[in-house]
Amino acid sequence: MSYNIHHGKNLLGIYTLDQIANIIKDSEADIIGLQEVDSNFARSRFQNQLKYLADKLSMNYVYGDNVNIIGAKYGNGILSKYPIVSYENFKIPSGREQRGLLSAVIDINEQKINFLNTHLGLTASERLVQVQAISKYLSTLSNKVILVGDFNAMYNSREVHEISKKLTDVGYVTNNNYISTFEVPFVSRRIDYIFISSNIEAKDYRIIRERASDHYPIVADVKIKR
């Protein structure tokens, strides 16, 4: 799953973290990449949101903060039913707001995969530099790879095209290319993605149309090839 949780609030500003936990639980997703996750922010009740979700869902977790304002942190998180062997959080080239790539090695029944989670910037030029940095990092990985995130970019953008040179867009290959993941008044677009390496097979893809955030969570069923 990839899910931008909008620091646990819906479009009306109502706090929805428990609803988000239920959405994740009901989806039966095994590994989840979350974006816009707060820790110790006043706007989100000073909660460690990722730990709260991990405890509620009985999952392992790692967090990568990209913004730290006197202990109030904001960034990406990974939840996993499987053991997380190791992780790193990389700062990627950014404009006004620092962005990052959270990379975890996860042991799935004695097979290790790299699960990557990111949230790209708001301008096309910024995003292009960011995906170029991510693409270089992908070249260093030997395990199977799943990359998820809020790319803030349309399916026909240069940014998505750049990543698609190395990884497969699950939404595209399952004929869901035009289905929006982000819908607000007057704006509807697909900007959230799940990409997989060639040694992973896409089986299914779905969008969960719940309004607990300003994004819809997306879920891919995949098969790891031996």
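Which residues of the largest nonpolar core touch the most other members?

1. The model is predicted, so local features need pLDDT of at least 70 and side-chain atom pairs count only at pLDDT 80 or more, while totals for chains, interfaces and linings use all residues. Residues are numbered from 1 along each chain as its sequence is written, and side-chain values use heavy atoms, with hydrogens and water left out.

2. In the largest nonpolar core, which has 23 residues, those that touch the most other members are Met-1, Tyr-3, Ile-20, Ile-24, Ile-32, Leu-34 and Leu-79. A nonpolar core is a set of buried Ala, Val, Leu, Ile, Met, Phe, Trp, Tyr and Cys residues joined through side-chain atoms within 4.5 Å. Buried means under 20% relative accessible area, exposed means over 50%, and partly exposed lies in between (1.4 Å probe, protein chains only).

3. Two or more residues of this core come from each of α1 (17-27), β2 (31-39) and α2 (49-57). Helix α1 gives the largest share, five residues. Helices (H or I, at least four residues) and strands (E, at least two) are DSSP runs, numbered from the N terminus.

4. Ile-20 is in contact (heavy atoms within 4.5 Å) with Tyr-3, Ile-5, Gly-8, Leu-53 and Ala-212, leaving aside its neighbours within four places in sequence. Another core, of 22 residues, lies apart from the largest one; Ile-78, Ala-104, Val-170 and Ile-218 are among its members.

5. The largest pocket holds about 360 Å³ of space. It is lined by 20 residues, of which Asp-30, Ile-31, Ala-220, Asp-221 and Val-222 are the closest to its centre. On a 1 Å grid over the protein atoms alone, a pocket is an open set of points where a 1.4 Å probe fits, with protein on both sides within 12 Å along at least five of seven lines; lining residues have an atom within 4 Å of a point. Grid points are joined across faces, edges and corners, and a volume is the space filled by probe spheres set on the points.

6. Strand β14 gives the most to the lining of the largest pocket, six residues. That lining has 14 nonpolar, one polar and five charged residues. Here Ala, Val, Leu, Ile, Met, Phe, Trp, Tyr, Cys and Pro count as nonpolar, Asp, Glu, Lys and Arg as charged, and the others, Gly among them, as polar.

7. The second largest pocket has a volume of about 190 Å³. Its lining has 15 residues, and Glu-36, His-119, Leu-122, Asp-150 and Asn-152 are the closest to its centre. By class, the lining divides into four nonpolar, four polar and seven charged residues.

8. The whole structure has 12 salt bridges, each a side-chain nitrogen of Lys or Arg within 4 Å of a carboxyl oxygen of Asp or Glu. One of them joins Lys-56 and Asp-18 (3.5 Å, N to O). Lys-56 is in helix α2 and Asp-18 in helix α1, 38 residues apart.

9. Arg-43 and Asp-38 also form a salt bridge (2.8 Å, N to O). Arg-43 is partly exposed, at 34% relative accessibility, whereas Asp-38 is buried, at 0%.

10. In the salt bridge between Arg-209 and Glu-183, the closest N and O atoms are 3.0 Å apart. Arg-209 is exposed, at 52% relative accessibility, and Glu-183 is buried, at 17%. Salt bridges with shared partners join Glu-183, Arg-209 and Arg-211 into one network.
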